[in-house]
Amino acid sequence: MLSKQNKEVLFNPFSKDNPVLVQILGICSTLAVTAKLEPAIVMGMSVIAVMAFSNVIISLIRSTIPTTIRIIVQLVVVAALVIVVQQFLIAYDYDVSRQLSVFIGLIITNCILMGRLEAFALNNRPWPSFLDGIGNGLGYTIILVIVAFFRELLGSGTLFGYQVIPQFCYDHGYMNNGLMILPPMALITVACIIWVHRARNKDLQEK
Amino acid sequence: MEELNLFVKSIFIDNMIFAYFLGMCSFLAVSKNVKTAFGLGLAVTFMLVVTVPLNYLLDTYVLQPGALTWLSPSLAGVDLSFLGLIMFIAVIASATQLVEMAVEKFAPALYNQLGIFLPLIAVNCAILGGALFMQQRDLGSVWSATVYGAGSGVGWFLAIVGLAAIRERIAYSHIPAPLRGVGITFIITGLMGIAFMSFMGIKL
């Protein structure tokens, strides 16, 4: 089940081949949903689900798709799965689905999905494709959670909505950094993560 | 007058890139030099102008709850809004294909300039985002939807050309090795975003 090759497919996206940090895919949603931890985790899980199953479906029908219309086929498969996820969220977690607003819909055009479908699922069997979907989804979720952790902690002083920074800090003049909640700081937080990541993995540095 | 406000608002205050981060992937990937950035910016603007009104019509007359009443009064209870995503993406993908063919036939020069960017636009989040925000905002008419699409497109265009120009300039700067390339681009985009935030809160 988990041969050496499959393990690589599953674990490489965590760091060495991370979809956000290294492949620079799926940035839009990484930045937009990370002001708080809860929506970030929900978003990450939605992406993992959509990605694993769309990878499997495309991999199953890979030999029957004519190459000329493959993009439309991929979009339809992904869109159908995203609608399932969207309806599921509206039914079971309405508040978070309101917070995520259009970004659940935008999973369809999340470049990680198209990227993995094109690069992996079209040429591989269903089981490795499934693992690839899970791995890349998790790699994406990890970054989402790290960014959301710092943004929520520094921006609102909370984690998962619970107060983490004690009240006496505020009494002695500590203030939440309102800038962290605003969208541009997400970019700079991701840039810092890239900085740390590439400082540790020298072979990823450019030029 | 209202349309002018909407136009300016969607360029600066609700800028697709700096306020919502839509179309980020191609924004980062295709901003290495001004010329290609210009081409992609044009293509995105064009597609937004075409697809946002199309999706508006689709939304108003087919998808919304009770939207099919014009067909027959008995359809007043039909709610197809859950099909929104799949319909929007189908419209966008097919419009991209059509526009590609039309541009190739009637404006070969523009076609050569845009090159591979036209087909890639089908998966640009800015286009689908334009449709989804249009739906969320309840724009009053096809005309305002067109204006909204145009404004968002121009905002995207300005952002990508601006970033490309800055990236051309920093090519010779001394940047810490791990930040070179992607990292510094993120930081620049962040700073540009902070600059664009000075438009926030302006009521038009």
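The largest pocket has a volume of about 720 Å³. This is a predicted model, in which local features need pLDDT of at least 70, side-chain atom pairs count only at pLDDT 80 or more, and totals for chains, interfaces and linings use all residues. Residues are numbered from 1 along each chain as its sequence is written, chains are lettered from A in the order in which they are written, and side-chain values use heavy atoms, with hydrogens and water left out.

Q: What is a pocket, and which residues lie nearest the centre of the largest pocket?
A: On a 1 Å grid over the protein atoms alone, a pocket is an open set of points where a 1.4 Å probe fits, with protein on both sides within 12 Å along at least five of seven lines; lining residues have an atom within 4 Å of a point. A volume is the space filled by probe spheres set on the points, which are joined across faces, edges and corners. Here 22 residues line the largest pocket, and A:Gln86, A:Ile90, A:Arg98, B:Ser81 and B:Gln135 lie nearest its centre.

Q: Which element gives the largest share of that lining?
A: Helices are DSSP runs (H or I, at least four residues), numbered from the N terminus. Helix 4 of chain A gives the largest share, four residues.

Q: How do the residues of the lining of the largest pocket divide into nonpolar, polar and charged?
A: Ala, Val, Leu, Ile, Met, Phe, Trp, Tyr, Cys and Pro count as nonpolar, Asp, Glu, Lys and Arg as charged, and the others, Gly among them, as polar. The lining has nine nonpolar, ten polar and three charged residues.

Q: What space lies in the second largest pocket?
A: About 600 Å³. Its lining of 30 residues divides into 17 nonpolar, eight polar and five charged.

Q: How many residues does each chain bring to the contact?
A: Contact means heavy atoms within 4.5 Å. Chain A brings 39 residues and chain B brings 40.

Q: What area do the chains bury between them?
A: Buried area is the accessible area (1.4 Å probe) that two parts lose on being put together, summed over both. For chain B and chain A this is about 3500 Å², 83% of it on carbon and sulfur atoms. B:Phe21, B:Pro178 and B:Phe186 supply 20% of the area that chain B buries against chain A, more than any other three residues.

How values were computed: Helix = DSSP H or I, 4+ residues; strand = E, 2+ residues; numbered from the N terminus.
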